[in-house]
Amino acid sequence: QKKAKAVGSLAATTPRVGDRIDGVLVTKDFDYELMVPDDLSAYTPLHVAGLNQRLHVPFSAKPRVLMAVLERIFADIVVVSEKGKESEKESEKEKEKEKETEKEEEEEDE
C-alpha cells in the first residue's frame with residue numbers, strides 16, 4: 001500500500017469519498033507528494049514548462065474543399081488571414097461557394 005501526502009493548495013480542502021482530485025504526483029526516495037502544477041516549483045526543484053507545437057500537413061486540393069471537410073467535422077470555422085486578422089467577408093464568401101459546391105456534388109451523385 002502506497003500513500004501520497006497532499007501539499008500546497010491541494011491540501012487546503014479535505015476531499016470527500018468519490019471526489020476527483022487533479023494534481024501532479026511527485027516521487028522521491030519512495031516518498032509521494034500530490035500537488036497542483038502551480039505549486040510544483042514551491043515544493044520541488046522542478047518547474048512547469050509549456051510546449052507549442054504545429055502540425056504541417058501537405059494539402060493539394062483547393063482551400064474550399066478543405067473548408068468543407070473541416071466544417072463537417074467542426075461546428076465553427078473562422079478564416080484568419082496570414083496577417084492574423086479575421087476575414088469575415090472571405091469566410092462568408094467561402095461558405096457560399098462551399099454550399100454551391102456541395103449542392104453541385106449532390107446533384108452529380110443523383
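Tutor: Let's start with L40, which counts as buried because its relative accessibility is 9%. Buried means under 20% relative accessible area, exposed over 50%, partly exposed in between (1.4 Å probe, protein chains only).

Student: Where does L40 lie?
Tutor: L40 lies in helix α1, residues 40–43. Helices (H or I, at least four residues) and strands (E, at least two) are DSSP runs, numbered from the N terminus.

Student: What should I know about the model and numbering?
Tutor: It is a predicted model: local features need pLDDT of at least 70, side-chain atom pairs count only at pLDDT 80 or more, and totals for chains, interfaces and linings use all residues. Residues are numbered from 1 along each chain as its sequence is written, and side-chain values use heavy atoms, with hydrogens and water left out.

Student: Strands next. Which way do β1 and β3 run, parallel or antiparallel?
Tutor: Parallel: 3 bridges join β1 (residues 4–6) to β3 (residues 31–35). A6 has L34 as its bridge partner in β3. Two strands pair if DSSP finds at least two bridges between them.

Student: And β2 with β3, parallel or antiparallel?
Tutor: Antiparallel, with 5 bridges joining β2 (residues 24–28) to β3. V26 has E33 as its bridge partner there.

Student: How many residues sit between the strands in that hairpin?
Tutor: There are 2 residues between β2 and β3.

Student: What's the phi of D29?
Tutor: Positive, about 50 degrees, although D29 is not a glycine. F30 also has a positive phi, about 65 degrees, and is not a glycine either.

Student: Why flag that?
Tutor: Because most residues other than glycine have a negative phi.

Student: New topic. Which residues form the nonpolar patch?
Tutor: F59, V65, L66, V69, I73 and F74, with about 520 Å² of accessible area together. Areas come from the Shrake-Rupley method with a 1.4 Å probe; for residues, only the protein chains shown count as cover. Nonpolar side chains (Val, Leu, Ile, Met, Phe, Trp, Tyr) are joined within 5 Å, like charges within 9 Å.

Student: Why does I73 count as exposed?
Tutor: Because its relative accessibility is 57%. I73 lies in helix α2, residues 63–73.

How values were computed. Patches are made of residues with over 30% relative accessible area and no salt bridge: like charges are joined within 9 Å, nonpolar side chains (Val, Leu, Ile, Met, Phe, Trp, Tyr) within 5 Å. A salt bridge is a side-chain nitrogen of Lys or Arg within 4 Å of a carboxyl oxygen of Asp or Glu.
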